[in-house]
Amino acid sequence: MTDIKPKAVRRLGDVVFANLAFFAGVSILATLATVAAFLFAQSVPAFTGPPIDAASDGFLSYVIPFVFGTVYASLIGLAIATPLAVGIALYISHFANRRFAQVLGYAVDLLAAIPSVVYGLWGILVLAPFLSPTFNWLNENLGWIPIFAGQVSATGRTMLTVGIVLAIMVLPIMAALIREIFLQTPRLHEEAALALGATRWEMIKMAVLPFGRPGIISAAMLGLGRALGETMAVAMVLSPAAVVSFAVLTSTNSNTIAANIALQFPEAGGNYTNLLIATGLVLFAITMVVNMFARWVISRRAEFSGAN
Amino acid sequence: MNNILKLGALAAVSTLVLAGCAANEDVAETPTSGAETPTEAVVELAGTLNGSGASSMAAGQEAWIAGFQIANPGVTVNYDPTGSGTGRAQFMTGATSFTGSDSYWKDEELLEAFPSCVAGTMPWEFPIWISPIAVIFNLDGVSSLNMDGATVAGIFAGEITMWNDAAIAAVNPDVALPDLAITAVHRSDESGTSKNFTDYLSAVAGDTWTVGAIEAWPAEFGGEGAQGTSGVVSAVTGGNGTIGYADASRAGDLGTVAVKVGTDYVSYSAEAAAAVVDASPLVEGRESYDLATNIDRNTTASGAYPIVLVSYLMGCNDYMDDAQAELVRAWASYLVSEEGQNAAAATAGNAPISAGLRAKAQVIIDAIK
Amino acid sequence: MTAQLNSSFRGTQDLPKWLSPTLLVGFFLASFGFQVLLASGGETAEINFIPVAVFGLLGFSVALYVISRVIEGVRKATDRLVTIMVSTAFSLALIPLISLAYTVVTKGVARFDAEFFTFSMRNVVGGGGGALHAIIGTIEITGIATLISVPIGIMAAIYLVEYGRGTIARLVTFFVDVMTGVPSIVAGLFAYALFVIFFGPGVRMGLGGAIALSLLMIPVVIRATEEMLKIVPNELREAAYALGVPKWLTVLKVVLPTSLAGIATGIMIAIARVIGETAPLLLIAGFTASMNYNPFDERMMTLPVFVYTSYANQGVDMQAYLDRAWAGALTLMLIVMVLNLVARLISKYFSPKG
């Protein structure tokens, strides 16, 4: 008996198609690398060329207020959105009845479909004037808390308004993700708790939340990633200044990197464009790190999720 | 599957139908409002004229392009509002035949090469766009306030913080000023408007306004930042006790400040803005075809309003391409003409240039070859 | 002793059903009345609804918790409190949605007329004019972006599902997920950086906008296609192999058609995601007032940029520009919602049953 196995027939179509698919897959990696490379190449003239008026004290002193503003606005948005997202997800998965839950889920998803420029319009023309009296009240009565101190803005275009708009924008994504996770809680655990006489809240506390905690964390990180890159809503609503400021009710707020680029780029000339691209590279790096961390947390957890 | 294909086909067809010409872009263009056609008969011109530069005159360029293209249907003029710096840079690479700029040519720029022009020749420039900058405020029941330069500087530097401050009350005896905090609104983007406004402040109140003429507002002076003229106007309109500076044509119903010139208080007006340009000296050491002007913010000429933004039109004296020279001659003549300036003023709100400036500019234009 | 334990821990009876709604209404009315008293007596002229809502809700929660704790016991009281909190969270999320929808619709209909859809902004100053140039631009740029992303996306998903094993496939999956998080402005900057090499600084081109948008669309298309391809049962593939069909034909003729509805849904959702992107288009496609059918030449206007510039670059007649901005916003929202609806309908009616 010979040991020669007949070779599998490799048809031309198979080879071509398999390679096409392979290149398409690898093109993803190539694209991301290209993005980083091109941004880097276009940023270099900002450092090697003639000095730029806007960055007269150096690149770091130019970009640090923007990095602070980006992270601060996103963290405020996240702080507002996470409890709300958990509440909404809980409501849809455990408190509302089945048919109502579907409609509610669709309503929350509608929030995700609204373009950011519409959020910007609504934020500055409706929300900011509406919140302005509340800001005055907060500043008068709770002004001893450092973040509420300072000269309150007369128009409501503050960091807190931006945080609220960002929260509304990331809310649907987080709520959808957390809802999926809550729905995957093992029924047996839930039923066991209820059978032992737990109230609904106790059941949630014992069975759903511990199971979903890593999911909540990863959803929060994804929401953070989305908020970090948000441009138009911040560009249209915020009253910016080139400072690092923790106060959320004043007119002098740190702008975000993305909003700064959107506002300055159309009329930037010479190597100011390159400087803006350099800040874009910084933003790209920050969001990459956040997203990679979030995905890694999800992938680690997926091995142990109840879905297996 | 079939249904999807049918839906897709329907979508494609309706897209093509929609892609039919916009109703307002037929060949025989008629203006919808504002632009007037030049009255004199023009020689049949044809070609494309490309320019770029300051966005401050973008609205005016729209009106000028509309008027010029209606009178000369064979010409297409394109103006790209990329900003003054980029405009001058593109002119220096030969990409454009004319440019608009908020600031005149720097001495070192004039030493560079200009590929659109014959080697060795330098470009001309003259003011084409005068835009008065109004100091606008929003106070219930008050439509005008007198202020001198030092007071305005003090407000925007954050030193005068209340409306009923003694400095303001002293020169406005018959106005009831409320006990309200002042919120000063400035431009958060870099703009020629900021530069001209702060140039005025540093000229008239150099010890209060210590940072000179800047395009990017310094953070230590506080106040609210807004994007663009629209942003400032919205911010001032939306708040109570707000004050800001913006293109005068957008002041609308807001209260405006009459600034002290000499011994009088002058409100902005088209004539007052044009008057200050005529009363200001030309920059030293320039050729006769270069009308770069240093606006005299401390002018005492009566009826002159010193807070203006002046933008220049720039082009070659001797074009490499004679056809372009012909087009630029006709284009620039239209821009300085009374019809052209009035057409722009009607829709974009600039102050038409004075007759004297027009005559000087026409001399330069006639010499273009 | 057992009786004492019962009443403090488990409570003696349940609260009557009418108590909770009555308390809710009662506290809101009381809070409102309190604010009215404050307003008429004090300096504040208008009634601020936020304190009304906040204090009404706080009062209601505290009252219900206390009553419930006394009558029903601690555990049930906590349960009621959590129910209140969760329902509040939900209502808080719905309020901006309702406010947004109401604002956009009421302010958008002012210019939602035939002129808006048949005119461009060329030679228009002040009132009048329309967004046809923006709508055509959006259709063209999104169309080109779809043409670029769909083939690449579907092929990459096929690679991940049918062919990919090993490190490269794991890397690709990981980075596809990372790619979903690329900020839209970075995509615009990349398109600009790419084009500036060939065309010099200050370049603006419709094609650049399409490339930036496809960068944002590709990961969405890949994810959706991947999910749909995974759902196709392996038996179908095995049956085809058993009949001697080569792998590439199996994928093309068996797997893809089965999952086509789901893929179409994914594509529509990806389109809906990018059609509202403003920032990258502002950077690379620019803005203009005239029609431009040529995506390879000069600036092209798109609907989200139209909304933004109508708001940000107002002319002398401010209200006309604002009206156009809201009308554009309404059009944009309608387009996105129709796309989402069509996606759901396709998935509902055309997906393989069972």
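This is a predicted model: local features need pLDDT of at least 70, side-chain atom pairs count only at pLDDT 80 or more; totals for chains, interfaces and linings use all residues.
Helix α3 of chain C covers residues 49-71, and because its 23 residues at 1.5 Å a residue should span 33 Å, the 33 Å between its end C-alpha atoms agrees with expectation; the expected span is 1.5 Å times one less than the number of residues.

Among the residues of α3(C) that are buried are C:Pro51, C:Val52, C:Gly56, C:Phe60 and C:Leu64, buried being under 20% relative accessible area with a 1.4 Å probe and protein chains only.

## The interface of chain A and chain C

Contact, meaning heavy atoms within 4.5 Å, involves 80 residues from chain A and 79 residues from chain C. The buried area, which is the accessible area (1.4 Å probe) that two parts lose on being put together, summed over both, is about 7,100 Å² between chain A and chain C, with 81% given by carbon and sulfur atoms.

The count between these chains is 1 salt bridge, a side-chain nitrogen of Lys or Arg within 4 Å of a carboxyl oxygen of Asp or Glu; C:Arg75 forms a salt bridge with A:Glu202, with the closest N and O atoms 2.8 Å apart. On the side of chain A that touches chain C, helix α1 (residues 12-48) of chain A supplies the largest share, 20 residues.

## Basis of the values

Residues are numbered from 1 along each chain as its sequence is written, and chains are lettered from A in the order in which they are written. Local features need pLDDT of at least 70 and side-chain atom pairs count only at pLDDT 80 or more, whereas totals for chains, interfaces and linings use all residues, and side-chain values use heavy atoms, leaving out hydrogens and water.

Conventions. Helices (H or I, at least four residues) and strands (E, at least two) are DSSP runs, numbered from the N terminus. Buried means under 20% relative accessible area, exposed over 50%, partly exposed in between (1.4 Å probe, protein chains only).
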